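Dear colleague,

Please find below the structure I promised to pass on to you, followed by an account of what was found in it.

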Amino acid sequence: MNILKEHQAILFELLTEFDRVCKKHNIPYVLMCGSALGAVRHKGIIPWDDDLDVSMLRSDYEHFLKVAPADLKEQYYLQAEGSAHWTMNFSKLRKNNTTYLEKFHPKDKKMHQGIYIDIFPCDNASDKEWIRKLQFYASRVALAKSLWKRGYETDSNKKKIFMACCCLLPAKPFLKLAMQKKKTKSEYVQTFLACTSRYRKGIYKRSWFTETIEMDFENMKVPISAHYDELLTVLYGDYMKLPSEEEKKIKEHAILIDTERDYSEYENYRDGMKFEIYTRNIH
């Protein structure tokens, strides 16, 4: 088995554990982004993909973060929003005793760096577009502040200056504006704090998340939006068209993946290195 297949097997394992906890506590979720596309087009993980995304409405997301730590099996770790050693406004479910080093130098050396799936919150969006745009801009400030704290690296001087300026601002009012927690009856929802960098691709009808169907995904059934055609069209256009061989190249999120050894064994790996993909050879 090559490293991608072994990595994907762990992604599916993490999804299975996530799904188990959600079903136990009656917490709804949907596959999102490329994972939803994989369910529709491939009946599983996209063969050349290297990540897996789920999304939940904010109230369900917060419920999951509350109950999951006590229910997760010991080989898994919930890297929850707001927890120690994690600065981002979304969460990850990671597998212990694995390694997934991304292309940045973490400022917090205690940050868990095992293989993961992303858990993205979906927040309320105002029915007024001008307020939605304010939500988007507020989310950019909150996100920049979080990325700076995490150790995000970029060659863009504009991004560096923006992140540095955002660090001087308080996070709470920007998060409050971005989330709009009281707008629970709005027609629209958004993922500005999570899995989108573009305004138009981060806004969805609420029904796209609350109305779901089950679809085959590898050897299990998972929930996706009942309006997946509209959702995937917004995200990918002609989503059933297969990409070219060039476009199939894996997005290189990681500089090192090891499915059998803990990330602590690579503590000094980044020192003086160039960003070159390394994977353990599997014989």
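Tyr76 is located in strand β3, which covers residues 76-79. The model is a predicted one, and in it Tyr76 is buried, with a relative accessible area of 9%. Leaving aside residues up to four places away in sequence, Tyr76 touches Glu13, Leu14, Glu17, Leu93, Arg94, Lys95 and Asn96. With one of these, Glu13, the contact is polar and runs from side chain to side chain, at 2.6 Å. Asn96 is 20 residues from Tyr76 along the chain, and the C-alpha atoms of the two are separated by 5.6 Å.

The loop between β4 (91-95) and β5 (99-102) contains Asn97. Asn97 is not a glycine, yet its phi is positive, at about 60 degrees. Most residues other than glycine have a negative phi.

A further positive phi, of about 55 degrees, belongs to Cys33, also not a glycine. Cys33 is part of helix α2, residues 33-42, and counts as buried because its relative accessibility is 10%, under the 20% limit.

How many of its 10 residues are buried? Nine of them are, so that α2 is mostly covered. The residues concerned are Cys33, Gly34, Ser35, Ala36, Leu37, Gly38, Ala39, Val40 and Arg41. Their cover includes the strands β1 (30-31), β2 (53-57), β9 (212-217) and β10 (220-225), together with helix α8 (228-236). After α2 comes Lys43, with a positive phi near 60 degrees.

Within α2, Leu37 has a relative accessibility of 6% and therefore counts as buried. Its contacts, not counting residues up to four places away in sequence, are His42, Ile46, Leu232, Tyr236 and Tyr239. Tyr239 is 202 residues from Leu37 in sequence, while the C-alpha atoms of the two are 7.4 Å apart in space.

Helix α6 (residues 171-179) has Leu175, Ala178 and Met179 as its buried residues. Why do they lie on the same side of α6? They cover an arc of only 90 degrees around the axis, which puts them there. An α-helix has 3.6 residues a turn, so residues three or four places apart point the same way. The buried residues of α6 pack against helices α3 (58-71) and α4 (129-150) and against strands β6 and β7 (188-190). Gln180 follows α6 and has a positive phi, near 50 degrees.

Strand β6 spans residues 116-125 and includes Asn124. Is Asn124 buried or exposed? Its relative accessible area is 10%, so Asn124 is buried. A polar atom of the Asn124 side chain lies 3.2 Å from the backbone oxygen of Lys181.

In soluble globular proteins, nonpolar side chains tend to be buried together.

Finally, some overall figures. The protein has eight helices and 12 strands. A compact globule of 283 residues would have a radius of gyration near 19 Å, and the value for the protein, 19 Å, agrees with this. Along the principal axes, the C-alpha atoms fill a box of roughly 55 × 45 × 45 Å. Of the 283 residues, 53% count as buried. The accessible surface comes to about 14500 Å², and carbon and sulfur atoms account for 53% of that surface. Among contacts between residues at least 6 apart in sequence, 66% join residues at least 24 apart.

With kind regards

Terms used. Residues numbered from 1 in each chain as written. Predicted model: local features only at pLDDT ≥ 70, side-chain atom pairs only at ≥ 80, totals over all residues. Heavy atoms only, no water. Helix = DSSP H or I, 4+ residues; strand = E, 2+ residues; numbered from the N terminus. Buried < 20%, exposed > 50% of the residue type's maximum accessible area, 1.4 Å probe, protein only. Polar contact = N/O pair within 3.5 Å; in protein donor to acceptor, adjacent residues only side chain to side chain. Arc of directions from axis to C-beta. Contact = heavy atoms within 4.5 Å. Rg over C-alpha atoms; globule rule 2.2 N^0.38 Å. Areas by Shrake-Rupley, 256 points an atom, 1.4 Å probe, with all protein chains shown as cover.
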